[in-house]
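Thanks for coming, everyone. I have one chain to walk through today.

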Amino acid sequence: MTQAQPTLGTLLKAVRARNNWTLKEMSDRSGIPVSTLSKVEHDRLTLTYDKLLQLSQRLNIRMSELFAENDAAPEVAVTARRSLGDMARAVRVNTANYDYYYLCTELRRKRMIPVVTRVRAKSAEEFGDLVHHPGEEFIFVIQGRIVVHTEFYDPVALEEGESIYIDSNMGHAYVAGDGCDEAVILGVCSSADDDLMNSLLNLHGEEGERDIVRG
């Protein structure tokens, strides 16, 4: 049986229903106008990263909860779950250096986070500070070429079809290689931390202009 892909609107409705809030009460608590919340709930509007962060902080919910449905029933061990991912249904996060496309976001508490990324920064200086987050990650170059900068190793260039596996706690950055305006990579981030998705989303708050769009 195919399940409908949850939208930001349905997820907000679930949060509101779980707390028995009216739209006005959610508006008062979040600082987001009733009209905006109503449009989001009816899937006529999305929210920027800043607004999602505001919603998360003021309502005391994790950012990752806004990307996966929350069931009222207690969680049970699941041994046969699956999720089909495609770019059209990905959660897109735009930042100064990257465009991220998070796949299979309806699954909660994943130990692996698959993400397709368009790399635009062309130098470590343009990229800025190296990023750190829990776990490990595997990067495969789909298109173009990249240079991988890490905290403890010399930069390494990767061509299409090449890959690298690193400790994500080590500072790292991926930039487009020489003569390449933009590169596309597939990354798989993994961690024993159940809150890995939230840790990754919180990184985007440090990268200047950004936007989040579902689908």
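I'll cover the overall layout, then the cores, the salt bridges and a surface patch.

Ground rules first. This is a predicted model: local features need pLDDT of at least 70, side-chain atom pairs count only at pLDDT 80 or more, and totals for chains, interfaces and linings use all residues. Residues are numbered from 1 along each chain as its sequence is written, and side-chain values use heavy atoms, with hydrogens and water left out.

Overall layout. The chain has 6 helices and 10 strands. Those are DSSP runs, numbered from the N terminus: helices are H or I with at least four residues, strands are E with at least two. Of the 215 residues, 45% are buried. Buried means under 20% relative accessible area, exposed means over 50%, and partly exposed is in between, with a 1.4 Å probe and protein chains only. Areas come from the Shrake-Rupley method with a 1.4 Å probe; for residues, only the protein chains shown count as cover. Now contacts, meaning heavy atoms within 4.5 Å. Among those with a separation of 6 or more, 67% join residues 24 or more positions apart.

Next, the cores. A nonpolar core is a set of buried Ala, Val, Leu, Ile, Met, Phe, Trp, Tyr and Cys residues joined through side-chain atoms within 4.5 Å. The largest one has 27 residues, and Tyr102, Phe127, Ile146, Tyr174 and Ile185 have the most contacts inside it. Elements giving it two or more residues include strand E1 (91-94), strand E2 (98-102) and strand E9 (183-190). A separate core holds 13 residues, among them Met26, Leu37, Val40 and Leu47. Look at Tyr174. Beyond four places in sequence, its contacts include Tyr98, Phe127, Ile146 and Ile185.

Salt bridges. The rule is a side-chain nitrogen of Lys or Arg within 4 Å of a carboxyl oxygen of Asp or Glu. How many salt bridges does that rule give? The count is 6.

One of them joins Glu41 and Arg16, at 2.8 Å, N to O. Glu41 sits in helix H3 (residues 34-41) and Arg16 in helix H1 (residues 8-18), 25 residues apart. Both Glu41 and Arg16 are buried.

Another joins Arg120 and Asp99, with the closest N and O atoms 2.7 Å apart. Arg120 is in the loop between E3 and H5 and Asp99 is in strand E2, so the bridge ties together parts 21 residues apart in sequence. Asp99 is buried, at 14% relative accessible area. Arg120 is partly exposed, at 25%. The Arg120 side chain also reaches the backbone oxygen of Ala96 at 3.4 Å. And Arg120 lies 7.0 Å from Ala183, C-alpha to C-alpha, across 63 residues of sequence.

A further bridge pairs Glu159 with Arg145, at 3.2 Å, N to O. Glu159 is partly exposed at 36% relative accessible area, and Arg145 is partly exposed at 30%.

Last, the surface. Which residues make the nonpolar patch of about 370 Å²? Phe138, Phe140, Ile142 and Tyr165 do. Patches take residues with over 30% relative accessible area and no salt bridge; like charges are joined within 9 Å, and nonpolar side chains (Val, Leu, Ile, Met, Phe, Trp, Tyr) within 5 Å. Strand E4 (residues 136-143) gives the most to this patch, with 3 residues. Phe138 is in strand E4, and counts as partly exposed at 30% relative accessibility.

Definitions and conventions
Polar contact = N/O pair within 3.5 Å; in protein donor to acceptor, adjacent residues only side chain to side chain.
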